[in-house]
Every structure is written in structure tokens, then in C-alpha cells.
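Welcome, and please open the model in your viewer.

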Amino acid sequence: MVLSGPSGAGKGTVCRALLEKQPGIHLSISATTRKPRAGEVDGVNYFFVSREKFQQMVDAGELLEWAEVYGNYYGTPLKAVKDALARGEDVLLEIDVQGGLQVKKKFPSAVLVFLLPPSRAVLVERLTGRGTDSAEEIQRRLHWANTELGFLKRYDYVVINRQVEEAVATLQAIILAEKCRPQRLKIDKSWGNLSDL
Ligand code: 5GP
């Protein structure tokens, strides 16, 4: 499952709350060339790498997807995703819309979810209130938010983040519903192949 949405939509908070509520989901840790913010830990929030190292990962085909966001590069390490899927875990990617569409191309069964703040006013308020970014950075993120909204209709689901608990419950409902799709459903062997029924 891919969770995207404009900066300030609350993706980080919603992801953390979802993982707490529903253990057994593997959250992908991205590689980025962005500098760590205060409190961010290498290998926990991101793998913080140099541009050279990032380029090496791209060239070696180690990234499932990658994109440039706000002047920095971000990408999803492929091996960790494959390993988690092989273990039968659900995998959650918190990535931007450019990356989301690349994932859908490579894994058509990926479920793309767009997290939307309840209104434009709330989006602006959340971005300015965060206190971690400069005024210039906030302007850049607001501008990019408009571009990202243009990708919304290519996503499978839209979740409005009014309240974290409500958004998490909606995401859990999506996960549950997606697991009931015939091609994904794990059923008793006695049924044979679902496609033969
Ligand atoms: P931030 O710098 O605020 O942590 O993240 C900036 C943006 O980059 C967010 O929209 C976030 O979802 C996106 N992002 C984080 N990791 C990845 C990734 O691996 N791939 C892509 N395409 N976007 C990412």
C-alpha cells in the first residue's frame, strides 16, 4: 500500500498511528539525499545518503522507485520490500505521487491511497505551524501541493484526514477490503483455485 498526499496532510502521524493499531505492517524506510531534521535518526526515519551514493543505488537497480522532491532525491530500497512481501507481510510506502505511480506500474496490485487534508486552509495551517521548515521551504511545499493534487484521480482511494483515529480506521477498512479481493484472498486448500470455481 502506498500512502501519498501533500506535505502537511499528516502522512507521518497517520502512518505511525496505523502501525501502532495494526502490527505486522512493514513500513518501508526510504533513502534520501535530504539532510536530517532535528530528531531524525539514520536508519529509522530515512537512510540519509550522499548524492553519489543515491546515484549508485539507482544505477545498481536497488530502488523500487525514486523521485526528486523539493530539490532532494528520495527512493524506496527494493530488497526490503521484496523480503517483507515474501514473508507475507503487508508493506506500507509513505512516498510522493511520482513514486506512487512508478510503484503501480511495477506492481499493478499495489493499492494507492491519497491522504487529503480537510481543506486548503488546514493544509496551510499545518505547514506553517510545523516550525521545522523555512518560509521559502513552506512556499515551495504549498506550490508542489497543488501539483500533487492533480495526481489524486489516478489513485485508488482518497482518505480525508480530519482526525487521525478516523483516518486510521478508514485505512484499516481499505486494507481489509483489499484482502477480500479474489486474487489476494487466502482460502482453504479444499477450495482449490479460486479462479477454477
Ligand atoms: P520529507 O522531506 O518531508 O520527509 O518528505 C518529502 C516528501 O518526500 C514527502 O511527500 C514524502 O512522502 C516523499 N518521500 C519520502 N520518501 C520517499 C521515497 O522513497 N520515494 C518518493 N518518491 N517520495 C518519498
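Which backbone oxygen lies 2.8 Å from a polar atom of the side chain of Lys 11? Select Lys 11 and look: the backbone oxygen belongs to Gly 5.

Before moving on, some ground rules. This is a predicted model, where local features need pLDDT of at least 70 and side-chain atom pairs count only at pLDDT 80 or more, while totals for chains, interfaces and linings use all residues. Residues are numbered from 1 along each chain as its sequence is written, and side-chain values use heavy atoms, with hydrogens and water left out.

**Stop 1: Lys 11 and the annotated site**

Stay on Lys 11, which is found in helix H1 (helices, H or I, of at least four residues and strands, E, of at least two are DSSP runs numbered from the N terminus). Lys 11 counts as buried, because its relative accessibility is 14% (buried is under 20% relative accessible area, exposed over 50%, partly exposed in between, with a 1.4 Å probe and protein chains only). Not counting residues up to four places away in sequence, Lys 11 touches Leu 3, Ser 4, Gly 5, Pro 6, Glu 94 and Leu 115 (contact means heavy atoms within 4.5 Å).

Now select Gly 5, Pro 6, Ser 7, Gly 8, Ala 9, Gly 10, Lys 11 and Gly 12, which the unreviewed UniProt entry annotates as "binding site". UniProt positions are in the numbering used here, feature names are shortened, and annotations may be inferred rather than shown by experiment.

**Stop 2: Ser 7**

Ser 7 sits in the loop between strand E1 (2-4) and helix H1 (11-21). Is Ser 7 buried or exposed? Ser 7 is buried, because its relative accessible area is 6%. Leaving aside neighbours within four places in sequence, the contacts of Ser 7 include Tyr 70, Leu 123 and Arg 130. Show the side chains of Ser 7 and Arg 141 to find a polar contact of 2.9 Å (a pair of N or O atoms within 3.5 Å; within protein, one must be able to donate a hydrogen and the other to accept it, and residues adjacent in sequence count only if both atoms are side-chain atoms).

**Stop 3: the five-stranded sheet**

Switch to a cartoon view. Five strands form an open sheet with parallel pairing, in the order E2-E7-E1-E8-E9 (two strands pair if DSSP finds at least two bridges between them). At its edges are strand E2 (25-27) and strand E9 (157-160), each pairing on one side only.

Zoom in on E1 and strand E7 (residues 90-94), which pair in the parallel sense over two bridges. The bridge partner of Val 2 in E7 is Leu 93. Helix H4 (residues 97-106) packs on the sheet, touching E1, E7 and E8, and its direction makes about 160 degrees with that of E8 (axes are lines fitted to C-alpha atoms, for helices over the stretch in contact, and angles run from 0 to 180 degrees between N-to-C directions). H1 lies across E1, E2, E7 and strand E8 (112-116), running at about 165 degrees to E7.

**Stop 4: the four-stranded sheet**

Which order do the strands E4, E3, E6 and E5 take in their open sheet? The order is E4-E3-E6-E5, with mixed pairing. Strand E4 (47-48) and strand E5 (63-69) stand at the edges with a single partner strand each, so one side of each has no neighbour in the sheet. E5 and strand E6 (residues 72-77) pair in the antiparallel sense over six bridges, and Ala 67 stands opposite Tyr 74 in E6.
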